[in-house]
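Biologist: Could you take me through this model and tell me what each label rests on? I'd like the rule next to the value each time.

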Amino acid sequence: MSDLEKSNIPTRMYGGQAIIEGVMIRGARSCAVSVRRADGSIHQENIPLLSWANGKLRRVPFVRGILVLIETLVIGMRAYTIGANQQIRDAGDDDDAEIGSLGMGLMTAVAFVFGIALFFLLPLFISRPFEEQSDFVANVIEGGARLVIFLVYIWAIGLMKDIKRMYGYHGAEHMTIHAYERGLPLIPREIRRFSPAHPRCGTSFLLTVVVVSIIAFMFIPREQLWMLVGSRIVLIPLIAAVSYEFIRFTGTHTGNVFADLVGKPNLWLQKLTTAQPDDEMIEIAVSAMQSAIATDEHEFAAQRTVSAETGS
């Protein structure tokens, strides 16, 4: 890569997620959401970030992983709700029909409880009969069951028509971020040069959480059921914190032999959760990315103006 090309590479990192018929891109101050309407138009909205999750603690290693987990759940569900509401309106005659904040909160709570039950508690109870052999054997069985359940779940939901399309938007999001990070124009020809997989993917984060939990729980004694169940729930924030640091390392050290090696399983997993997008999906991803960039530039320009006026 030439020095000129390197000089065009932006230093600001963007991430996001796919939603129903759309893409969300997280910027420095807000998240930009673009959704395809039934008439072919693009609906855009901005979601403000959680101020308490983006203060000084955001720069503290391990603590920031917990904040990211909470923010991802909240912002992600809000973005998902925006996409769902557009589809609801397109499917009916009532433009005011939508999922409200209460419905969104209930969905978030149900999804969180379901995730804990499926990926943390079910493997625990599957492994209970093996405790007669040894705690270590039972913990290994539990970890293996957790990994298998996670992979089967990812594969199974990918068979659903709507999820298949979401995987296409997922690929468009990653490819657009790749192009942006290389300083290339955000046009289909340039975007299609890249893989749908990205090292900072949220799916990679989930796989890392599963692997780190296997290692962490392997050393916890299996004496009392209440302690077992409690440990699987209480340790989730710590596991998420460690997992985030791992993903952050592999995502910011692309080209490093060690980082690329340990990050490969995460990229392999994305073969299940991403797909080659069509041009309309790429258009949605570009719309969200450009909106996020424009919002950030406006915010930072305003800050520079205030700083210049105050002399700070």
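## Labels and the values behind them

Modeller: Let's start with charges: a network of salt bridges links Arg128, Glu131, Glu142, Arg146, Arg222 and Arg232. A salt bridge here is a side-chain nitrogen of Lys or Arg within 4 Å of a carboxyl oxygen of Asp or Glu. By that rule the count comes to 14 salt bridges. Mind that this is a predicted model, where local features need pLDDT of at least 70, side-chain atom pairs count only at pLDDT 80 or more, and totals for chains, interfaces and linings use all residues. Residues are numbered from 1 along each chain as its sequence is written, and side-chain values use heavy atoms, with hydrogens and water left out.

Biologist: What makes Glu21 and Arg165 a salt bridge?

Modeller: Their N to O distance is 2.5 Å, and the rule asks for within 4 Å, so the pair qualifies. Glu21 sits in the loop between β1 and β2 and Arg165 in helix α5, so the pair ties together parts 144 residues apart in sequence. Helices (H or I, at least four residues) and strands (E, at least two) are DSSP runs, numbered from the N terminus.

Biologist: Is Glu21 buried or exposed, and how do you know?

Modeller: Buried means under 20% relative accessible area, exposed over 50%, and partly exposed in between (1.4 Å probe, protein chains only). Glu21 has 17%, so it counts as buried. Arg165, at 31%, counts as partly exposed.

Biologist: What about Arg58 and Glu71: why is that a salt bridge?

Modeller: The closest N and O atoms are 3.1 Å apart, so the pair passes the within 4 Å rule. Arg58 lies in the loop between β4 and α2, and Glu71 in helix α2. Arg58 is buried at 18%, and Glu71 is buried at 3%.

Biologist: And which parts do Asp90 and Arg37 tie together?

Modeller: Asp90 lies in helix α2 and Arg37 in the loop between β3 and β4, so the pair joins parts 53 residues apart in sequence. Their salt bridge has an N to O distance of 2.7 Å. Asp90, at 27%, is partly exposed, and Arg37, at 23%, is partly exposed too.

Biologist: What makes something a nonpolar core here?

Modeller: A nonpolar core is a set of buried Ala, Val, Leu, Ile, Met, Phe, Trp, Tyr and Cys residues joined through side-chain atoms within 4.5 Å. The largest has 49 residues, of which Tyr14, Val23, Ile25, Phe120, Phe150 and Met289 touch the most other members. A second, separate core has 13 residues, including Ile19, Val33, Ile47 and Ile82.

Biologist: Which residues does Ile25 contact, leaving aside neighbours within four places in sequence?

Modeller: Among them are Tyr14, Glu173, Ile177 and Met289, where contact means heavy atoms within 4.5 Å.
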